[in-house]
Amino acid sequence: MSDIPLLPQVEAFLRRPHGLFIDGVNVRSHSSQTLAVTNPATGQVIAQVADADLADIDAAVDSANRGFQLWSQAAPATRGNVLLKLADLLERNREELAQIETCQSGKIIQISRAFEVDQAAHFLRYYAGWATKLSGQTLTPSLPSFNGERYTAFTLREPVGVVVGIVPWNFSTMIAIWKLASALVTGCSIIIKPSEFTPLTLLRIAELAIEAGLPAGVLNVLTGGGHVGKGLVEHPGTHKVSFTGSVPTGIAVGRSAMGAGLTRATLELGGKNAAGFLRDVDVDKAVDGIIEAGFLHSGQICAAAERFFVHRSQIDAVLEKLKLRLSRLNIGSPLDEHTEFGPVTHHQHQLKLLGYFTQARAENNTIIHGGTLIDRPGCYVEPTVILANSINDTLLNEETFGPIATFLPYDSDEELLALMNNGPYGLSASLWTNDLGKALRMVPAIHAGTVWVNMHTLLDPAVPFGGSRSSGIGREFGSAFIEDYTELKSVMIRY
Ligand code: NAD
């Protein structure tokens, strides 16, 4: 059990002075402020990035508007080909990108390889296919002719303009690629603001995009704190924001966007996702499902389940087996290929999770497993299982975004549905059962943008994803993104 060696190009990349990516090149920020990027597995600072200022924002917006003029006129096939080449380049540089990602986020190396690189490439290729399939409709106007004149009409799908993509820290590459691909395929340009905790991989990917043939200015990357995102959303030269992050920030972004003159906004936010296990599920299968739903990437997945409802007749057996399975997890360095469970991504998050352990104890919840930080350098937190007393307990209502699974038993299917629907959110949910007919009857009654049956968390570019209720506005993937990144123009003709 030991860490894989970092590639020389990763060492060299981390040592570089990191600027902003504007107009196709790395440039120095106008700001003298920098932000430290810390490896959460060691607590060591691995790089400094610029905390961009208003002059940088102006420069990026000017560049993106020039990029838009060019890119919106590019042939659809050209757009698709650039995305395909970028997908190839991600794969060709797979290990380098995965190692940079693991160093900045603490994601275990297999997840960085499989999701941040391989899945990102898969998404790019899916979107590339849409480039040549975006079109309007021909329409037959409905009014009668007054004097023998005739009417015809058609619609055009036009790119919305300069998009601001604001990205969280949990999947800093894959989520950025979703936004980049949606923008580029529809003919928009994009400025991406990565999270202040995980800005590095995207700076490298921007260079690969130029190598893939993307004209300068079509993709700009501005690093920095939340003020950079706000400045971009409120800038008169940007036309749409695609935000992924927490509910409170999403609401602030939505306000800024509306205040900036109805800048279009897609908000992909968090929630408090539920997993419901029907009485017929085998206990071992339930435990596999709970680990898949709640503990992948230390629970730092927006769609991960945090509320688990198990039939009263099975809850003791499920909790006992889950405790055993979690106690055998190989917890360690994310650069060790044998590690199954790594650190959380940053120190404030680790402290937030510690606060939830204190809160659970204060409310007399039962800590079945974990409930502490792990005593080693870096941001390690025990995978934790909590048995709550009531649906009103804090751990069943606030998003922890960590490896904390909170349980409550239920007695009837009606009660299960009411528990799953408790609260204002609606990002995702899962039902686990051998009775598919029953599951299909229950699905329409569940408030969530995605309901999985006998699975949880898997996202596919062909299947729309997004939140209902307080978990967001808009959908990504499938054909759903087209609505958000294009304007529909109607053309009517009298002849
Ligand atoms: P966050 O809301 O704190 O930050 C997200 C991004 O917004 C960061 O880049 C941040 O710098 C920026 N930001 C902060 N203030 C801003 C402002 N006023 N205007 C514009 N931008 C601003 O979220 P986080 O802690 O980075 O990520 C975790 C959250 O993201 C969780 O709630 C999780 O559920 C959610 N999430 C949702 C999805 C989804 O697809 N629905 C996916 C991943 C994560």
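**Around the ligand**

Author: Start at Gly-245, where a backbone N or O atom lies 3.3 Å from an oxygen atom of the ligand. That makes it a polar contact, meaning a pair of N or O atoms within 3.5 Å (inside the protein, one must be able to donate a hydrogen and the other to accept it, and residues adjacent in sequence count only if both atoms are side-chain atoms). Before we go on, bear in mind that this is a predicted model, where local features need pLDDT of at least 70, side-chain atom pairs count only at pLDDT 80 or more, and totals for chains, interfaces and linings use all residues. Residues are numbered from 1 along each chain as its sequence is written, and side-chain values use heavy atoms, with hydrogens and water left out.

Back to the ligand. Glu-399 brings a polar side-chain atom to 2.6 Å from a ligand oxygen, and Glu-196 has a side-chain N or O atom 2.7 Å from an oxygen of the ligand. There are 28 residues around the ligand, and both of these glutamates are among those that come nearest, together with Lys-193, Ser-246 and Leu-269. Being near here takes a heavy atom within 4 Å of the molecule.

Next, the sheet. Helices (H or I, at least four residues) and strands (E, at least two) are DSSP runs, numbered from the N terminus, and two strands pair if DSSP finds at least two bridges between them. Seven strands make an open, mixed sheet in the order 14-15-16-13-12-17-18. Strand 14 (366-369) and strand 18 (450-453) are the edges with a single partner strand each, so one side of each has no neighbour in the sheet. On average, neighbouring strands are turned by 25° against each other, direction ignored.

In that order you'll find strand 13 (residues 305-311) and strand 16 (residues 404-410), which run parallel and share 5 bridges. One detail to look for is Val-310, whose bridge partner in strand 16 is Pro-409. Strands of a sheet pair through backbone hydrogen bonds, either parallel or antiparallel. Two helices lie across strands 12, 13, 16 and 17: helix 10 (residues 283-294), at about 165° to strand 13, and helix 13 (residues 413-420), at about 145° to strand 16. Contact means heavy atoms within 4.5 Å; the angles run from 0 to 180 degrees between N-to-C directions, with axes fitted to C-alpha atoms, for helices over the stretch in contact.

For the antiparallel sense, look at strand 3 (residues 34-39) and strand 4 (residues 44-50), which pair over 6 bridges. Thr-34 has Ala-50 as its bridge partner, and in the 4 residues between the strands, Gly-43 takes a positive phi near 80°.

Last, the charged pairs. A salt bridge is a side-chain nitrogen of Lys or Arg within 4 Å of a carboxyl oxygen of Asp or Glu, and the count comes to 22. In one of them, Arg-157 and Glu-483 bring their closest N and O atoms to 3.1 Å. Arg-157 sits in strand 6 (residues 151-159) and Glu-483 in helix 15 (residues 480-485), so the pair ties together parts 326 residues apart in sequence. Glu-483 is exposed, with a relative accessible area of 54%, whereas Arg-157 is partly exposed at 23%. Those words have cut-offs: buried is under 20%, exposed over 50%, partly exposed in between (1.4 Å probe, protein chains only).
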